[in-house]
Amino acid sequence: MAGQIFRAVGLMSGTSMDGIDLAFVETDGVTVQSLGPAGMHPYDEADRLLLRRAIGAAAGIKSRDERPGPLADAEAMVTHRHIRALEGFLSTCKLKHGGVDVIGFHGQTVLHRPEEGLTVQIGDGQALAAHFGVPVVHDFRANDLAHGGQGAPLVPLFHQALVRKVKAVGPVAVLNLGGVANITYVDTDDSDGLIACDTGPGNALIDDFMLNRTGSPVDRDGDSASRGEVNESVVTLLMQDPFFTRQPPKSLDRNAFNVPDLSGLSVADGAATLTEFSARAVAHVIPLLPHPPKLWVICGGGARNRELVRRIGVNTGARVVIADELGWSADSMEAQAFAYLAVRSLKGLPLSLPGTTGVSEPTTGGVVAGG
């Protein structure tokens with residue numbers, strides 16, 4: 001099947017829990033032929049509340065098939081929302097079911113503990129395949145964990161394909177700012193120079209703080225943080241976590257960091273402190289890379305947080321651009337990636353490498369439902 005172009009749709013619901021990103025990609029699983037339309041289907045507050053309850057319930061499970069308490073309800077909700085979101089997307093884009101060859105369905109991560117060989121993404125891939133009559137690739141991370149990998153991040157091979165397409169002069173760092181932040185290091189002078197890891201928190205701690213203090217689950221445009229003062233003692237304490245000195249590849253659970261009590265700080269100062277922590281964590285990965293990146297390309301929900309992006313530029317001391325400036329999509333990058341990875345899965349191509357997840361050897365993954 002080498003060279004065959006597939007029309008793929010990717011579906012991504014990230015740890016920020018803001019909603020479902022959808023994207024259409026044409027690819028042979030190696031190169032990216034074209035990036036098509038993209039969209040987003042937001043979760044409502046009841047959905048997010050159920051997901052938070054599900055994440056809490058997931059903390060105690062020992063098997064990836066367990067669905068205690070609200071987890072079963074959350075899985076049904078996630079499945080239903082994805083079906084509704086994809087129906088709307090296909091209609092808006094005037095794509096019939098037959099106009100799509102494969103769907104990449106990431107599902108919603110509720111637990112990620114690679115040190116225990118355990119990762120759980122909820123969502124019923126078989127139900128999506130039955131509804132749309134199209135093969136659905138899901139459960140992307142488990143095979144990597146089974147072969148000694150971290151199970152994350154999985155987007156680096158897609159990032160590498162994009163960097164090659166624009167012929168950027170590197171090294172280039174593609175930074176995804178979701179709930180957790182992750183980096184792909186692409187050495188454009190070395191075709192095998194691909195390194196990836198989580199860097200630390202992205203939006204999760206900021207979002208949780210804002211929700212707790214203001215009732216709004218986001219610091220819109222980084223407005224609060226831009227007006228606050230950083231509490232250096234808090235940032236210094238958080239940066240002492242041993243995660244930051246570990247060599248890549250490495251990955252994190254959304255709730256990996258225990259933030260000290262910030263009730264004595266104003267909303268602006270608390271937001272500024274957590275924003276600086278996320279930015280400083282990104283910069284802390286630089287000494288662990290072969291060379292400092294010349295260019296940082298920012299994608300994910302945090303790309304819209306101007307203060308976070310500004311602080312990343314200050315801390316890295318390098319050129320920082322939003323993915324849109326290169327003709328990519330800051331908002332839909334991960335959905336595009338899982339469309340691309342679905343095609344690679346169908347072809348039996350690797351989804352992860354020793355340098356991206358720590359897997360023992362280049363490893364494919366994903367489970368195909370339907371088709």
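## Salt bridges in a predicted model

A salt bridge is a side-chain nitrogen of Lys or Arg within 4 Å of a carboxyl oxygen of Asp or Glu. The structure shown here is a predicted model, and by this rule the count comes to 17 salt bridges. One of them joins R310 to E307, with the closest N and O atoms 2.9 Å apart, a value that lies within the 4 Å cut-off. Because R310 and E307 are three residues apart in helix α10, about one helical turn separates them. Salt bridges that share partners join R310 and E307 with E232, E276, R280 and R311 into one network.

Another salt bridge is formed by D221 and R306, whose closest N and O atoms are 3.9 Å apart. D221 lies in the loop between α6 (204–214) and α7 (223–226), while R306 belongs to helix α10 (residues 306–316), so the pair ties together parts that are 85 residues apart in sequence. With a relative accessibility of 34%, D221 counts as partly exposed, and R306, at 59% relative accessibility, counts as exposed.

R304 forms a salt bridge with D331, and here the closest N and O atoms are 3.0 Å apart. This pair also links distant parts of the chain, since R304 is in the loop between β10 and α10 and D331 is in the loop between β11 and α11, 27 residues apart. R304 counts as partly exposed at 34% relative accessibility, and D331 is partly exposed as well, with a relative accessible area of 39%.

Five strands form an open sheet in the order β9-β8-β7-β10-β11, and their pairing is mixed. Strands β9 (194–201) and β11 (319–322) stand at the edges, where each has a single partner strand, so one side of each is left without a neighbour in the sheet. On average, and with direction ignored, neighbouring strands of this sheet are turned by 20 degrees against each other. Within the sheet, strand β7 (residues 172–177) and strand β8 (residues 180–186) run antiparallel and are joined by six bridges; N176, for example, has N182 in β8 as its bridge partner.

Helix α9 (residues 267–283) packs on this sheet, where it touches β7, β9 and β10 (295–299), and the direction of the helix makes about 155 degrees with that of β9. S278 lies in helix α9 and is buried, with a relative accessible area of 1%. The side chain of S278 reaches the backbone oxygen of P201 at 3.2 Å. When its neighbours within four places in sequence are left aside, S278 is in contact with P201, G202, I206 and L308.

In soluble globular proteins, nonpolar side chains tend to be buried together. The largest nonpolar core of this model has 58 residues, of which F140, L175, I183, W296, I298 and W328 touch the most other members. Helix α11 (residues 333–346) supplies the largest share of this core, namely nine residues. A second, separate core of 37 residues includes I20, L51, L86 and I122.

Strands of a sheet pair through backbone hydrogen bonds, either parallel or antiparallel. In this model, strand β1 (residues 6–13) pairs with β2 in the antiparallel sense over eight bridges, and G10 stands opposite A23 in β2. The hairpin of β1 and β2 has five residues between the strands, and in this hairpin M17 takes a positive phi near 60 degrees.

β2 also pairs in the antiparallel sense with strand β3 (residues 32–42), over eight bridges, and the bridge partner of L22 in β3 is G39. Four residues lie between the strands in the hairpin of β2 and β3, where G29 takes a positive phi near 90 degrees. Eight of the nine residues of strand β2 (residues 19–27) are buried, so this strand is largely enclosed by the rest of the structure.

How values were computed. Residues are numbered from 1 along each chain as its sequence is written. This is a predicted model: local features need pLDDT of at least 70, side-chain atom pairs count only at pLDDT 80 or more; totals for chains, interfaces and linings use all residues. Side-chain values use heavy atoms; hydrogens and water are left out. A nonpolar core is a set of buried Ala, Val, Leu, Ile, Met, Phe, Trp, Tyr and Cys residues joined through side-chain atoms within 4.5 Å. Buried means under 20% relative accessible area, exposed over 50%, partly exposed in between (1.4 Å probe, protein chains only). Helices (H or I, at least four residues) and strands (E, at least two) are DSSP runs, numbered from the N terminus. Two strands pair if DSSP finds at least two bridges between them. Axes are lines fitted to C-alpha atoms, for helices over the stretch in contact, and angles run from 0 to 180 degrees between N-to-C directions. Contact means heavy atoms within 4.5 Å. A polar contact is a pair of N or O atoms within 3.5 Å; within protein, one must be able to donate a hydrogen and the other to accept it, and residues adjacent in sequence count only if both atoms are side-chain atoms.
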